[in-house]
Amino acid sequence: MSSLQFNSLLLDISNQLTEKQLEDLKFLCGDMLGKRELEKICSGVRLFQVLTERMKLGADNTDCLSRFLTQIQRQDLAERLESFESQADLSDVLPDKEERDKLGIATEVIVENLGKNWRKMGRRLGLTEVKIDSVSKRHPTDLEETTRELLKEWRRSQGAQARTQELIQALRACMLNRTADLVEDSLPSC
């Protein structure tokens with residue numbers, strides 16, 4: 001994804017913020033920016049520029065702004081931001097077809113068996129709390145869809161490096177050996 005596309009998204013987000021929401025965002029950024037800098041900010045665009053200059057925001061670094069948008073009750077804007085980052089991740093090289101097939105099988109087995117342990121699994125796979133919370137809000141009452149979305153996020157974050165064996169190791173590290181065994185049993189033998 002280009003810098004122009006990312007900046008266009010930030011401009012659109014800025015245009016959708018009310019004055020109160022901008023003030024709330026500035027308050028949440030207080031520790032990062034300082035009072036004098038915050039007083040100079042009068043638009044979302046300027047806030048995003050300063051966050052970018054301070055390396056707190058970028059096309060591949062949207063977690064902080066996404067979390068702040070969620071905290072000011074603008075989940076719709078946070079999801080657009082996360083969707084942008086996910087689309088950028090999809091441009092990475094995918095694993096080979098054999099590994100993609102194995103990941104698909106493993107995903108289905110894990111979705112059917114993981115249940116309420118999905119957060120623990122997400123942490124073990126290295127997903128941030130912001131990503132985990134975002135997944136939770138997308139499917140608050142459906143554990144299977146939450147797990148499926150969690151595994152999609154992990155695959156996006158790993159790109160071509162996503163491996164079924166890493167899922168199995170994460171399951172075992174979470175003491176979910178039965179699910180790990182089911183995944184191994186469902187995979188085609190070499």
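Is the crossing of α6 and α10 left-handed or right-handed? Point 4 has the reply.

1. This is a predicted model: local features need pLDDT of at least 70, side-chain atom pairs need 80 or more, and totals for chains, interfaces and linings use all residues. Residues are numbered from 1 along each chain as its sequence is written, and side-chain values use heavy atoms, without hydrogens or water.

2. Look at helix α5, residues 44-53. Helices here are DSSP runs of H or I with at least four residues, numbered from the N terminus. G44, L47, F48, V50 and L51 of α5 are buried (under 20% relative accessible area, 1.4 Å probe, protein chains only). Seen down the axis, these buried residues fall within an arc of 160 degrees, so they line one face of α5. The arc is taken from the directions from the helix axis to the C-beta atoms.

3. The largest nonpolar core has 25 residues. Such a core is a set of buried Ala, Val, Leu, Ile, Met, Phe, Trp, Tyr and Cys residues joined through side-chain atoms within 4.5 Å. L33, L47, F48, L69 and L81 touch the most other members. A second, separate core of 24 residues includes L103 and A180.

4. Now the helix pair. α6 and α10 (residues 129-138) pack at about 45 degrees, with axes 10 Å apart. Axes are lines fitted to C-alpha atoms over the stretch in contact, and angles run from 0 to 180 degrees between N-to-C directions. The crossing of α6 and α10 is left-handed: the near helix is turned anticlockwise from the far one by less than a right angle.

Notes
Buried means under 20% relative accessible area, exposed over 50%, partly exposed in between (1.4 Å probe, protein chains only). Helices (H or I, at least four residues) and strands (E, at least two) are DSSP runs, numbered from the N terminus.
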